[in-house]
Amino acid sequence: LGLHATGRLPQSAERHAQLAALFGALMHAERTGRLCKEVVTIPATQQALVAGDYFNAANKALTTVFLGLDHYAWLRAIKVLQGEPLPIILKALKVITIAWFVDLVREVVSFVKWNSTAKKDDEAVAKERKDRMWNIVRATAQFVQGLHLSQIRPHSDVVCGSLGVYTAVFAALSFYPKGKGA
């Protein structure tokens with residue numbers, strides 16, 4: 001798959017087919033990581049409903065629908081089921097975009113409620129305020145990505161990609177132990 005002696009990428013149809021097969025396999029391998037993820041979101045939806053957390057319940061229910069549609073599209077993409085996967089993928093992306101909007105609204109409502117009762121001059125409160133505001137920025141970034149990817153409101157791939165990098169780093173940092181500076 002490397003460069004020719006001339007330093008140019010191979011132009012043959014055979015090489016193109018090899019690259020397409022390689023990247024197709026990588027794409028499908030990544031998607032297998034989402035298999036059975038809805039098993040966790042179904043009871044989480046019920047728990048959120050019982051707790052009266054309707055924003056979270058709606059988000060979890062929409063995520064469950066997204067994962068089901070994603071599995072269906074994946075089965076079409078690997079030719080287990082008949083049909084083109086793209087229409088199903090776009091529907092799934094519209095569903096997850098709605099879930100991300102619900103998450104954004106939840107973050108804003110939570111911040112407004114919390115901020116109205118928080119102490120104003122406490123250092124811990126200032127840190128909590130900052131963290132909550134960054135959560136709003138993250139939720140906004142996800143929602144804007146969803147608008148583009150689902151084709152609800154397409155905009156620049158560069159903007160969408162940049163927001164994707166931001167949300168990926170944000171998610172990765174949430175798993176990094178606190179107080180372990182590099």
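In this predicted model, T63 touches T41, I96 and A99, not counting residues up to four places away in sequence. T63 is found in helix 3, which spans residues 54-77. The points below cover this residue, the nonpolar cores and the aromatic pairs.

**Surroundings of T63**
- T63 counts as buried because its relative accessibility is 18%, under the 20% limit.
- A polar atom of the T63 side chain lies 2.8 Å from the backbone oxygen of N59.

**Nonpolar cores**
- The largest nonpolar core has nine residues, among them L104, W114, V125 and F143.
- Helix 4 (86-117) and helix 5 (123-149) each supply at least two residues of this core, and helix 5 gives the most, with five residues.
- W114 is in contact with V125, E128, R129 and R132, leaving aside its neighbours within four places in sequence.
- A second, separate core of seven residues includes F66, L67, A92 and V95.

**Aromatic pairs**
- The structure holds four aromatic pairs.
- One of them is the tilted pair of F101 and F143, with 5.2 Å from centre to centre and 50 degrees between the planes.
- This pair links distant parts of the chain, as F101 in helix 4 and F143 in helix 5 are 42 residues apart.
- F101 counts as partly exposed at 41% relative accessibility, whereas F143 counts as buried at 18%.
- The ring centres of Y166 and F170 are 6.0 Å apart and their planes are at 45 degrees, so this pair is also tilted.
- Y166 and F170 are separated by about one helical turn because they are four residues apart in helix 6 (residues 157-175).
- W134, Y166 and F170 form one aromatic cluster.

Terms used: Residues are numbered from 1 along each chain as its sequence is written. This is a predicted model: local features need pLDDT of at least 70, side-chain atom pairs count only at pLDDT 80 or more; totals for chains, interfaces and linings use all residues. Side-chain values use heavy atoms; hydrogens and water are left out. Buried means under 20% relative accessible area, exposed over 50%, partly exposed in between (1.4 Å probe, protein chains only). A polar contact is a pair of N or O atoms within 3.5 Å; within protein, one must be able to donate a hydrogen and the other to accept it, and residues adjacent in sequence count only if both atoms are side-chain atoms. Contact means heavy atoms within 4.5 Å. A nonpolar core is a set of buried Ala, Val, Leu, Ile, Met, Phe, Trp, Tyr and Cys residues joined through side-chain atoms within 4.5 Å. Rings of Phe, Tyr and Trp (its six-membered ring) pair if their centres lie within 6.5 Å; planes under 30 degrees apart count as stacked, over 60 as edge-to-face and the rest as tilted.
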